[in-house]
Amino acid sequence: MGVILAAVLLFALVVLVAKAVRMVPQGYEWTVEAFGKYTHTLSPGLHFLMPIYQGVGRKVNMMEQVLEVPSQDVITKDNAVVKVDGVVFFQVLDAAKAAYEVATLEIAILNLVMTNIRTAIGSMDLDESLSKRDEINTKVLLAVDQATHPWGIKVNRIELKDIAPPRDLVESMARQMKAEREKRANILEAEGFRQAAILKAEGEKQSVILEAEGNREAAFRAAEARERQAEAEAKATQLVSDAISGGNVQAINYFVAQKYIEAFKALAEAPNQKFVMMPMEASGVVGSLAGIAELAKEALDRQPSATSRPPLPSPRS
């Protein structure tokens, strides 16, 4: 009988010591209750409690945790149905609030996230919901973090993993994208042709302008050359006239011979002349010049001042 009593006392002592000595692992916090009422929180390490009077209430994970958001059907603003899923990253900051302010913390967080995802996507068109995923993540994160703040937790990130529209809608979007790309390609091709035509027209215009400027410059140069030639001829004629007035018959011989040779040269170079017969002997040319010289001599002899001038030499035959 005494042995049994000793064994019972030993067992009770072991249980009391086990209830009194508590070691909290790293990354967790335990709440302490006195007759079912929360008193304080145990941080990681070794702690001693009063058996029977105090006990461990909730063991709360203080590390960052990840929750999978199950796929759900969401209707967009333009009545398109898409399937959406995601993940939530959260961390408990206050073990007592997380333990006693809400029941089934994880389920509460999931319901909040799913509800806010439907709200965010429901306010957008399909194109916006597919292209503005970061905006949806931010909007849902702010709403859920504000709602879970009284529970002593911090929602760090919410990421939408997939937004899947129906298959027929995906095919329609693919056809639309293809048509849009073909449209842009046709526009770019037409713009290229237009630019090429403009550049070609500009080049032709510039070429015509340069050609006109060249022709104008050439005409100006030709007119200037003709003017200079006319001035030279006028000056030569004046010199010949002055020479004749001074009694120099050789000047008129030179003038007439030059014109004679020029006329013959033009006649010989004419394209419609195949055969030309003219008196080419030098005596004929000199004889014609001699006749002109005699006429000039007679004209000079009739002038009033002819008596004061020396007689002109007769041209050689």
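R194 and E191 sit 3 residues apart in helix α6, residues 167-245, so about one helical turn separates them. Helices here are DSSP runs of H or I, at least four residues; strands are runs of E, at least two; both are numbered from the N terminus. The two side chains meet in a salt bridge, 3.1 Å from N to O. By salt bridge I mean a side-chain nitrogen of Lys or Arg within 4 Å of a carboxyl oxygen of Asp or Glu. R194 is partly exposed at 48% relative accessibility. E191 is partly exposed too, at 39%. On this scale buried is under 20% relative accessible area, exposed is over 50%, and partly exposed lies in between, with a 1.4 Å probe and protein chains only.

A word on the source. This is a predicted model: local features need pLDDT of at least 70, side-chain atom pairs count only at pLDDT 80 or more, and totals for chains, interfaces and linings use all residues. Residues are numbered from 1 along each chain as its sequence is written, and side-chain values use heavy atoms, leaving out hydrogens and water.

Back to the salt bridges. How many does the structure hold? It holds 9. One joins E68 and K161, with the closest N and O atoms 3.0 Å apart. K161 is partly exposed, at 43%. Another joins K154 and D145, at 3.2 Å from N to O. K154 is partly exposed, at 35%. Then there is a network of salt bridges, linking E217, R221, E224 and R228.

Now the inside. A nonpolar core is a set of buried Ala, Val, Leu, Ile, Met, Phe, Trp, Tyr and Cys residues, joined through side-chain atoms within 4.5 Å. The largest one has 35 residues. Which of them touch the most other members? L105 and I109 do. Helix α3 gives this core its largest share, 9 residues. Look at I109. Beyond its neighbours within four places in sequence, I109 is in contact (heavy atoms within 4.5 Å) with L67, V88, F90, T148, W151 and I153. Apart from this core lies another, of 5 residues, including V24, V32, L42 and L49.
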